[in-house]
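Hi,

Here's the structure I said I'd pass on. Have a look at it first, then read my notes below.

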Amino acid sequence: MKTNYRRCVSCRKVAPKTDLLRIVRVFPSRAVQLEGMGRSVYLCPQSSCLELAQKKDRLGRSLKAVVSPEIYQRLWQHLSASDTIVGGTIVESAIAESVK
Ligand SMILES: [Zn+2]
């Protein structure tokens, strides 16, 4: 399978799509979420990149949409989940993401 590369909105580093966190503005509701079809932006699973994205509203600017604090909260959860795998929704969404 061909590897798709995407660019992190914070540090501009290019990495395989599967290594990055994906944030999507879904169609047609324009709601910003972490899965679904629509305009997407990518972020390294690193606290420095997420912190910068949050501070500078990189996600909101790229998506031209309002990114709710809940989305950032879930992204932070993704980061802590990569350190220690804990049960629940985080693991489930990680599996769903790898299937795509
Ligand atoms: Zn980055």
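A quick definition to start: helices (H or I, at least four residues) and strands (E, at least two) are DSSP runs, numbered from the N terminus.

Two housekeeping points. Residues are numbered from 1 along each chain as its sequence is written. This is a predicted model, where local features need pLDDT of at least 70 and side-chain atom pairs count only at pLDDT 80 or more, while totals for chains, interfaces and linings use all residues.

**The sheet**

Two strands pair if DSSP finds at least two bridges between them. Three strands make an open antiparallel sheet in the order β4-β3-β5. Its edge strands, each pairing on one side only, are β4 (32-33) and β5 (38-43).

Strand β3 (residues 21-26) is joined to β5 by six bridges. Across that pairing, R22 sits opposite Y42 and V24 sits opposite S40. On the β4 side there are two bridges, with R25 opposite V32. Five residues lie between β3 and β4 in their hairpin, and R30 there has a positive phi near 65°.

Now for burial: a residue is buried if 20 or more other C-beta atoms lie within 10 Å of its own, exposed if 12 or fewer, and partly exposed in between, with C-beta atoms placed from the backbone.

**The helices**

In helix α1 (residues 47-56), the buried residues include C49, L50 and A53. They lie on the same side of α1 because they cover an arc of only 95° around the axis (the arc is that of the directions from the helix axis to the C-beta atoms). Here's the general idea: an α-helix has 3.6 residues a turn, so residues three or four places apart point the same way. The face turned away from the buried side of α1 carries S47, S48, K55 and K56, which are exposed. Just after α1, D57 takes a positive phi of about 55°.

Last one: P69 belongs to helix α3 (residues 69-83). Why does P69 count as exposed? Because P69 has 8 C-beta neighbours inside 10 Å. Its C-alpha atom is 9.1 Å from that of Q54, 15 residues away along the chain.

Cheers
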